[in-house]
Amino acid sequence: MAKLGLDIKSLLKQSPEKAKDRNIKAFPMNGLWIPFFTATNATGESNIHPSALGAGLQLRVDKDGTPRLKETTDPVTGVVTKSPVFTPNRELVKAATGVMDNIAFGLITFTATIQKTHPEEYKAQAEAAQIAGAKVREHEDKTLGTYLAELAAQKMKAAAPANEVPTPSPIPDRELVPA
């Protein structure tokens, strides 16, 4: 097996825990944004400062210039520790926000274009979604109503004296209102 490049011991060895990546706009800073903006800088599409790309997380300082520290207390020992606070570089956050805004604008523009160029198809899809959604909501309401009735019955049973038979209160039907 070793000749094929497979080492069973290395396959079975526990791998170290992956380092967590800080998210900017719900996407990983080191896994997406820094490589993306490095590529856009390389092609001349952007001009993100190298310090923002090289140090995506930077020490947060207060207005007086002192580093911000976060205090944590160990719940078992009660020991208080202080650790520095790091925040994503503002230029990197601003650039990522611009990209996300442009993506959102593109999606909105695409939707508006389809609504104008294919109005019947769009309307049919929207109506189908409303009908399917109503069925899902109806099933959820029924499931929730049954569950709440069971909880009420259990509560009544636990609170009622042993010689009385509990009567569950009826749950009123809810009217569905379109979103």
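Predicted model: local features only at pLDDT ≥ 70, side-chain atom pairs only at ≥ 80, totals over all residues.
**Stop 1**

Select Gln-58, Leu-59, Arg-60, Val-61, Thr-87, Pro-88, Asn-89 and Arg-90, which line the second largest pocket. Strands β3 (57–59) and β6 (86–88) are the elements that give two or more residues to this lining. The volume of the pocket is about 150 Å³. Colour the lining by class, and the second largest pocket shows 3 nonpolar, 3 polar and 2 charged residues.

**Stop 2**

**Stop 3: the salt bridges**

How many salt bridges does a search of the whole structure find? The search returns 3. As background, side chains of opposite charge can pair when their charged atoms come close.

Begin with Asp-62 and Arg-68. Their side chains form a salt bridge with an N to O distance of 2.7 Å. Asp-62 has a relative accessible area of 27% and is therefore partly exposed. Arg-68, with 30%, is partly exposed as well.

Go on to Lys-82 and Glu-71, where the closest N and O atoms of the salt bridge are 3.6 Å apart. This pair links distant parts of the chain: Lys-82 sits in strand β5 (residues 80–84) and Glu-71 in strand β4 (residues 69–73), 11 residues apart. Show the surface here, and both Lys-82 and Glu-71 are exposed.

**Stop 4: along helix α5**

Finish on helix α5 (residues 119–159), which holds Lys-123 and Glu-127. What separates Lys-123 and Glu-127 along the helix? They are 4 residues apart in α5, so about one helical turn lies between them. For accessibility, select each residue in turn. Lys-123 has a relative accessibility of 54% and so counts as exposed, whereas Glu-127, with a relative accessible area of 41%, is partly exposed.

Methods. Residues numbered from 1 in each chain as written. Heavy atoms only, no water. 1 Å grid on protein atoms, 1.4 Å probe; cavity = no way out; pocket = protein on both sides within 12 Å on 5 of 7 lines; lining within 4 Å. Points joined across faces, edges and corners; volume = space filled by probe spheres on them. Nonpolar A, V, L, I, M, F, W, Y, C, P; charged D, E, K, R; others polar. Salt bridge = Lys/Arg side-chain N within 4 Å of Asp/Glu carboxyl O. Buried < 20%, exposed > 50% of the residue type's maximum accessible area, 1.4 Å probe, protein only.
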